[in-house]
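Hi,

Here is the structure I promised to pass on to you. Please have a look at it first, and then read my notes below.

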Amino acid sequence: MFPIKHKFKNFSSTKIPKVLEINPLIFFTLLTGLILAFLLDLALGSVQIPIQQVVTILLGGQAEKATWTTIIFKFRLPKALTATFAGAALGVSGLQMQTLFRNPLAGPFVLGISSGAALGVALVVLTANITGVGVLFKDLGIIGDFSLVVAASLGAALVLGLVLLVARRVQDTMTLLILGLLFGYATSAVVSILLHFSETQQIQSYLQWTFGSFAGVTWRQMLVLAPVVLLALLISVMLSKPLNALLLGEAYARSLGLGVQQARFWIITSASILAGAITAFCGPIAFLGVAIPHLCRSLFNTSEHRVLIPAVIFMGAISALIADLLSQLAVRQTILPLNSVTALIGTPVVTWVILRRNSRTSFPK
Amino acid sequence: MNDVILHTSNLTIGYKRSRRATRIVASDISASLNTGELVCLLGANGVGKSTLLRTLAGIQPPIKGKVQLQGKDIYKLAPQELAKRLSLILTEKVEVGILSAYALVAMGRYPYTDWWGKLTSKDEKIVKWAIESVGATDLAKRNVSELSDGERQKIMIARALAQEPVLMLLDEPTAFLDLPRRVEIMQLLRCLVRETNQAILLSTHDLDLALRLADKVWLLTEGGFLHIGAPEDLVLTGVFTEAFQSEGVEFDVYTGEFHLHTPIRGKVSLLGEGMKVMWTKRGLQRAGFVVVSDSNSQLCIEVISTSEKVFWQVRYNGAVSEQNSMYELIRFLNKVAPLVR
């Protein structure tokens with residue numbers, strides 16, 4: 001049916017580069033880096049455990065000290081896994097949002113997901129003994145370790161639901177971005193009101209949550225966190241092609257045959273589930289989601305999502321593990337707030353990389 | 001084989017503002033695009049060229065009537081099926097981030113590739129063919145953000161070609177380009193439409209180029225009328241003259257040129273023959289003088305070319321002066337113009 005078919009024979013054999021040149025060496029390096037960071041995160045802390053011993057313990061062998069096995073399995077392994085998931089999830093979520101909204105400042109929380117989670121947490125923490133909400137959770141028997149997570153998830157899900165509801169009616173993506181920001185402000189306002197009427201002690205425990213931490217996740221919670229994050233990451237990988245089309249803008253993406261409305265639904269859903277799940281379990285960790293995509297664009301010198309998504313998964317995980325390490329090592333005997341570490345250490349590093357590559361042209365406008 | 005690619009009958013285009021209010025841009029459009037035809041859509045700003053293109057591209061549903069692409073209603077085709085038949089180039093310059101020109105052209109294979117976007121060897125052949133067809137082989141490796149506007153537009157055309165469409169719609173593809181680049185792109189499109197047997201519809205403000213290159217002109221005028229015909233037909237039936245009269249430009253049916261209304265400042269006699277005199281005449285007309293070829297005017301100019309130089313001898317009120325360039329000549333005339341009758 002195409003009248004141009006016969007023309008293909010005539011092209012000369014000029015060497016033209018392939019679109020996708022994922023260098024296997026780079027990904028091998030990334031994998032090695034991830035394993036190294038993971039092992040270091042297990043080895044270092046208030047009690048130092050030699051790397052060989054860590055490996056032995058992980059492989060099911062007998063450690064020199066029995067307490068080391070307990071420390072690793074009970075505390076450090078879930079924490080390191082959480083950091084790995086969190087870094088990967090927030091990075092990918094941020095990348096998707098930046099591409100969808102064609103905005104370099106976008107991140108996992110632009111649609112108000114974290115504000116929703118914060119509202120949930122604030123409701124539980126600040127009203128625990130006053131109103132019926134805390135009682136409700138108590139009655140359901142989940143006021144224990146799960147209560148904050150459930151509250152944060154519900155808050156994040158509420159905002160996500162609202163955004164998706166609006167997304168179905170609103171054609172313009174930029175309007176959606178503005179509405180997301182407004183939802184965020186509205187929920188933050190409610191949190192402020194709650195804070196205003198709360199006791200110092202309650203405010204303290206709410207603030208604790210906003211600092212962010214990878215340490216709170218138990219194995220039982222991991223059974224929820226891991227599958228949710230892995231599933232959403234899988235969806236993100238499958239969205240690489242639509243995301244590439246969106247680099248050209250919505251009008252061109254549509255003309256290439258992309259169902260923009262549907263793609264937008266899946267992008268928002270997967271990005272928000274990633275952001276929401278991590279926020280629910282670890283608190284609002286803002287920096288990684290915005291910075292990691294920029295870091296990867298500069299390092300790999302491409303906007304191609306089939307390269308960027310795997311790259312962001314690795315770089316995000318490595319960065320989160322390093323941040324976790326530093327938060328424990330920076331000051332002896334105490335643990336620094338995770339959010340402070342990611343922002344304080346990460347800002348100069350990412351600034352340097354981006355400026356060095358002069359990435360003024362690196363972002364689709 | 002039927003060579004009508006796109007067909008509309010009694011199409012009404014416009015916007016649905018709300019449930020009741022609609023703004024109709026143009027109505028009763030019955031037109032068709034045939035294989036191997038380059039069609040230029042002309043019309044003043046705001047007359048509805050983009051709305052028409054958007055409606056034909058399947059982006060903005062018509063208020064009434066159907067758009068049929070190879071006999072199928074384009075508003076019932078799946079997006080992917082439409083993308084295999086119709087490709088689009090828009091005015092706005094897109095910033096795509098860090099992508100090579102090759103990768104951007106390969107994006108044209110989007111409707112054909114699998115979920116991961118993997119290019120088969122056939123896809124790669126088509127991408128290479130598209131790049132060569134627009135003469136952009138040297139650009140393939142370069143980053144899109146480093147390309148000039150003209151180069152980028154070539155790559156965008158290659159991308160549209162890689163979609164293997166039967167119809168390409170272009171909304172002012174030459175708007176940001178300088179004149180040589182405009183001619184180049186238009187000529188490229190004309191060659192492509194002949195080679196590939198597709199149809200190309202493009203909107204443009206380049207009246208001159210459109211008159212010279214288009215197989216057919218669609219002229220959209222105030223009030224939403226679409227005049228269709230070969231460029232010469234529209235000139236001969238007076239449609240062109242009428243359409244541009246209201247725009248403040250005058251279409252000269254003898255030369256095919258557009259003239260601006262310039263206030264007349266005087267009468268000048270011009271003596272001599274040949275190319276230099278022709279340009280002198282143009283310059284004088286630009287400055288607002290009526291040029292006559294007899295020597296009875298108060299002001300008389302003779303173009304004299306020797307083997308060494310060209311100069312303009314001006315006789316005015318019995319005095320003779322020499323001017324060494326057109327610029328000097330016009331400055332001199334401006335000085336004496338108020339005195340000329």
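Before the rest, a word on the source. This is a predicted model, in which local features need pLDDT of at least 70 and side-chain atom pairs count only at pLDDT 80 or more, while totals for chains, interfaces and linings use all residues. Residues are numbered from 1 along each chain as its sequence is written, and chains are lettered from A and ligands numbered from 1 in the order in which they are written.

Back to α4 of chain B. This helix (helices are DSSP runs of H or I with at least four residues, strands runs of E with at least two, numbered from the N terminus) covers residues 121-133. Its 13 residues reach 18 Å from the first C-alpha to the last, close to the 18 Å expected at 1.5 Å a residue (the expected span is 1.5 Å times one less than the number of residues). Among its buried residues are B:Ile126, B:Trp129 and B:Ile131; buried is 20 or more other C-beta atoms within 10 Å of a residue's own, exposed is 12 or fewer, and partly exposed is in between, with C-beta atoms placed from the backbone. The cover over the buried residues includes α3 (101-106), α5 (149-162) and α6 (179-196) of chain B.

Chain A has 15 helices and zero strands, and 46% of its 365 residues count as buried. Two of the helices, α1 (residues 24-43) and α3 (residues 66-100), have axes that come within 9 Å and cross at roughly 145 degrees (axes are lines fitted to C-alpha atoms over the stretch in contact, with angles from 0 to 180 degrees between N-to-C directions). From α1(A), the contact is made by A:Phe38, A:Asp41 and A:Leu42; residues on the α3(A) side include A:Ile72, A:Arg76 and A:Leu77. Contact here means C-beta atoms, placed from the backbone, within 7 Å.

Finally, the two chains meet: 37 residues of chain A are in contact with 40 residues of chain B. On chain A, α10 (240-246) and α11 (250-255) each supply at least two residues of the side that touches chain B. That side has 18 nonpolar, twelve polar and seven charged residues (Ala, Val, Leu, Ile, Met, Phe, Trp, Tyr, Cys and Pro count as nonpolar, Asp, Glu, Lys and Arg as charged, and the others, Gly among them, as polar).

Best wishes
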